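Trainee: I have a structure open and would like to learn how to read its features. Could you take me through them in turn?

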Amino acid sequence: IQDCVIKNPQVGINVMALASDYRTATPVSRLVIRRNMIVDPGAFAIVLRGELHQVQVVGNILQGNPGLAAIQLDKILDETSDVLIANNTVFEADTA
């Protein structure tokens, strides 16, 4: 996911590597989220959840005050490996 502009979403980018029961892994691997601009998210700009492998969240611009968090790591499973979150810019937000 790269070079997107997402305006006024409830959740800008939601990576759900977990089944709806919040117990069963549905692994996501080799994903890059880079150079996106997410403006005025309602709850979260970016959410990562579940079992992740070789995931990068880099060089994104997150602007505006999300209701909960700009970048949320939620229910990350023990099997997760090689996740990089780097060089993201968060501004006009109370929480990063």
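This is a predicted model: local features need pLDDT of at least 70, side-chain atom pairs count only at pLDDT 80 or more; totals for chains, interfaces and linings use all residues.

Trainee: Which residues have the most contacts inside the largest nonpolar core?

Mentor: The general idea comes first. In soluble globular proteins, nonpolar side chains tend to be buried together. Here the largest nonpolar core has 16 residues, and those with the most contacts inside it are Ile13, Val15, Ile33, Ile38, Ile46, Leu48 and Leu62. Two or more core residues come from each of strand 2 (11–17), strand 3 (28–34), strand 5 (44–50), strand 6 (52–58) and strand 8.

Trainee: What does Ile13 touch, not counting residues up to four places away in sequence?

Mentor: Ile13 touches Ile1, Ile6, Ile33, Asn36, Ile38, Ala45, Ile46 and Val47. Of these, Ile33, Ile38 and Ile46 are also on the list of residues with the most contacts inside the core.

Trainee: Next, charges. How many salt bridges are there?

Mentor: The rule asks for a side-chain nitrogen of Lys or Arg within 4 Å of a carboxyl oxygen of Asp or Glu. By that rule the count is 2 salt bridges. One joins the side chains of Asp3 and Arg35, at 2.9 Å from N to O. Asp3 lies in the segment before strand 1 (5–7) and Arg35 in the loop between strand 3 and strand 4 (37–39), so this pair ties together parts that are 32 residues apart in sequence. Asp3 is partly exposed at 46% relative accessibility, and Arg35 is partly exposed at 45%.

Trainee: What about the salt bridge of Asp74?

Mentor: Asp74 pairs with Arg49, and their closest N and O atoms are 2.7 Å apart. This pair also links distant parts of the chain, with Asp74 in strand 8 and Arg49 in strand 5, 25 residues apart.

Trainee: Is Arg49 buried or exposed?

Mentor: Buried means under 20% relative accessible area. Arg49 has 10% relative accessibility, so Arg49 counts as buried.

Trainee: Now the surface. Which residues make the nonpolar patch?

Mentor: A patch takes residues with over 30% relative accessible area. Leu73, Ile76, Val83 and Ile85 make a nonpolar surface patch of about 300 Å². Strand 8 (69–76) and strand 9 (81–86) each supply at least two residues of the patch. Ile76 belongs to strand 8 and is partly exposed, at 37% relative accessibility. Val83 belongs to strand 9 and is also partly exposed, with a relative accessible area of 36%.

Trainee: Leaving aside neighbours within four places in sequence, what is Val83 in contact with?

Mentor: Val83 is in contact with Leu48, Leu52 and Val55. Leu48 is one of the residues with the most contacts inside the largest nonpolar core. By contrast, take Val83 and Gln72: they are 11 residues apart in sequence and 13 Å apart in space, C-alpha to C-alpha.

Trainee: How do I read a polar side chain such as Asn88? Where is Asn88?

Mentor: Asn88 sits in the loop between strand 9 and strand 10 (89–91). With a relative accessible area of 19%, Asn88 is buried. A polar atom of the Asn88 side chain lies 3.0 Å from the backbone oxygen of Val57, and a polar contact of 2.9 Å joins the side chains of Asn88 and Asn60. Beyond neighbours within four places in sequence, Asn88 is in contact with Val57, Val58, Gly59, Asn60 and Ile71.

Trainee: Which backbone oxygen lies 3.0 Å from a polar atom of the Thr80 side chain?

Mentor: That of Leu77. Thr80 is found in the loop between strand 8 and strand 9.

Trainee: Last, the backbone. What is phi of Asn8 near?

Mentor: Most residues other than glycine have a negative phi, and most peptide bonds are trans. Phi of Asn8 is near 60°, a positive value. Asn8 lies in the loop between strand 1 and strand 2 and is exposed, with a relative accessible area of 57%. Phi of Asp82 is near 55°, again a positive value in a residue other than glycine. Asp82 is in strand 9 and counts as exposed at 57% relative accessibility.

Conventions
Residues are numbered from 1 along each chain as its sequence is written. Side-chain values use heavy atoms; hydrogens and water are left out. Patches are made of residues with over 30% relative accessible area and no salt bridge: like charges are joined within 9 Å, nonpolar side chains (Val, Leu, Ile, Met, Phe, Trp, Tyr) within 5 Å. Accessible areas come from the Shrake-Rupley method with a 1.4 Å probe; for residues, only the protein chains shown count as cover. Helices (H or I, at least four residues) and strands (E, at least two) are DSSP runs, numbered from the N terminus. Buried means under 20% relative accessible area, exposed over 50%, partly exposed in between (1.4 Å probe, protein chains only). A nonpolar core is a set of buried Ala, Val, Leu, Ile, Met, Phe, Trp, Tyr and Cys residues joined through side-chain atoms within 4.5 Å. Contact means heavy atoms within 4.5 Å. A polar contact is a pair of N or O atoms within 3.5 Å; within protein, one must be able to donate a hydrogen and the other to accept it, and residues adjacent in sequence count only if both atoms are side-chain atoms.
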